[in-house]
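Trainee: I have a model open and would like to learn how to read it. Can we go feature by feature?

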Amino acid sequence: MFFAMSAAGMLQAQNVQKVIVGDNMNYGITYSLPQTAIQLKVRATMTKTEAGMFAPYAEKYLGLTDVAMADQTKWELNSITLDGAAVPDTSRTYHILFSEKGQMPVFYLSEEGNLLSINREPEIIVSDAEEEKPAKKAKLVLKATDVLSEEILKAGSKAKQAELTAREIFSIRESKRNLLKGDVDNMPADGASFQIMIDNLNAQEEALLSLFEGVSQVEDVERVIEYVPTENVDNEVLFRFSSYEGFVDKDDLICEPYYVSVSVIEDNRMEPVAVEGKKKSANNGIAFNIPGKASVKISYDGEVIAQTTMQMGQLGHVEQLPSSQFSDKKKMASAAFNPLTGSIRIYEQ
């Protein structure tokens with residue numbers, strides 16, 4: 001099993017809303033600050049196998065020991081990637097009003113309504129496109145019924161059919177060996193014809209082998225799991241996985257648990273500051289987060305399989321910038337915010 005870890009980064013490629021404040025919105029805008037979620041991308045492989053009709057005779061006639069005797073589904077967990085994701089914080093949603101006399105600012109929001117930047121386009125990291133690979137040549141595939149001889153079909157028992165089919169497989173293998181050694185009466189005239197004959201023999205062998213080994217279908221599955229911590233967490237079940245059922249409910253105690261632990265390193269939360277008997281309101285300006293920091297560990301069977309340290313908006317408090325700076329006609333300010341934490345990345349005036 002392979003586990004990968006990546007630190008919480010910038011905004012991944014997604015739709016961005018560009019909002020120009022104007023009279024159509026009563027000179028105001030509503031936005032949220034983000035909570036920082038722990039995001040796991042868990043990749044697994046599901047293999048469905050339909051047992052072959054001659055499976056009970058696979059060892060006797062072909063020496064095959066690891067074949068499915070009945071239809072089955074198997075799951076294998078391949079990798080876990082630990083990252084961060086932004087989730088709107090409903091407790092930190094603000095509506096800002098601007099004077100119609102000033103220059104109308106331009107806001108950039110995420111799909112969920114989180115503030116990304118003001119008066120400048122946000123930085124978006126686009127994952128590198130996968131290198132285009134040349135198309136593979138179509139593989140010749142035959143059904144077992146296409147290659148079963150009349151003798152096999154008329155055999156009086158399944159055991160006899162299995163024995164004759166195994167003999168046919170060995171005969172095909174012998175034909176391939178002779179062809180590769182050039183020990184045949186009618187050798188193909190060119191390389192293309194030679195390859196066609198080899199491909200045909202391989203397809204016949206695979207079709208007959210499927211009657212013993214069965215037919216398998218493989219599917220890659222990815223599950224995205226998000227978890228928003230607000231306090232210290234010690235070995236809380238994040239998800240469960242079964243080699244027979246795949247991803248299951250967290251309360252399915254039969255299946256293997258994967259745990260998350262969170263240790264707060266910097267807790268920057270504080271009570272709102274009182275101003276002349278009233279609480280300080282973010283409506284006076286542009287709110288942004290002063291995030292906290294936490295250590296995150298993912299563990300399985302007592303072993304840490306992924307860990308990182310990341311800043312989290314919900315572990316911090318809210319400050320503000322004067323909103324008038326972003327609508328000043330003479331000296332308009334611009335700002336960009338960390339999409340995962342809501343903190344200021346860039347401020348220019």
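Trainee: Let me start with one residue. Is Gln217 buried or exposed?

Mentor: This is a predicted model, so keep that in mind throughout. For exposure, look at relative accessible area; over 50% counts as exposed. Gln217 has 58% relative accessibility, so Gln217 counts as exposed.

Trainee: Where is Gln217 found?

Mentor: In strand S9, which spans residues 215-227.

Trainee: Which residues does Gln217 touch, leaving out those up to four places away in sequence?

Mentor: Met46, Thr47 and Lys48. Thr73 and Gln217 are 144 residues apart along the chain, yet their C-alpha atoms are separated by 9.5 Å.

Trainee: Now contacts across the whole chain. Of those between residues at least 6 apart in sequence, what share joins residues at least 24 apart?

Mentor: The share is 76%.

Trainee: How many helices and strands are there in the chain?

Mentor: The chain has 5 helices and 18 strands. Buried residues account for 42% of its 349 residues. The chain exposes about 20,500 Å², and 47% of that area comes from carbon and sulfur atoms.

Trainee: Let me try a helix pair. At what angle do H4 and H5 pack?

Mentor: Helix H4 covers residues 158-181 and helix H5 covers residues 191-213. Their packing angle is about 160°, with axes 10 Å apart. To name the arrangement, apply a cut-off: angles over 145 degrees count as roughly antiparallel. H4 and H5 are therefore roughly antiparallel to each other. Their crossing is left-handed.

Trainee: Which residues in H4 and H5 meet?

Mentor: On the H4 side they include Ala162, Ile169, Ile172 and Leu179. On the H5 side, Phe194, Ile198, Leu201 and Leu208 are among them. By class, the residues of this contact divide into 14 nonpolar, 4 polar and 4 charged.

Trainee: What is the relative accessible area of Asp301?

Mentor: The value is 67%, so Asp301 is exposed.

Methods: Residues numbered from 1 in each chain as written. Predicted model: local features only at pLDDT ≥ 70, side-chain atom pairs only at ≥ 80, totals over all residues. Heavy atoms only, no water. Helix = DSSP H or I, 4+ residues; strand = E, 2+ residues; numbered from the N terminus. Buried < 20%, exposed > 50% of the residue type's maximum accessible area, 1.4 Å probe, protein only. Contact = heavy atoms within 4.5 Å. Areas by Shrake-Rupley, 256 points an atom, 1.4 Å probe, with all protein chains shown as cover. Axes fitted to C-alpha atoms, helices over the stretch in contact; angles between N-to-C directions. Parallel < 35°, antiparallel > 145°, perpendicular 65-115°, else oblique. Left-handed = near helix turned anticlockwise from the far one by under 90°. Nonpolar A, V, L, I, M, F, W, Y, C, P; charged D, E, K, R; others polar.
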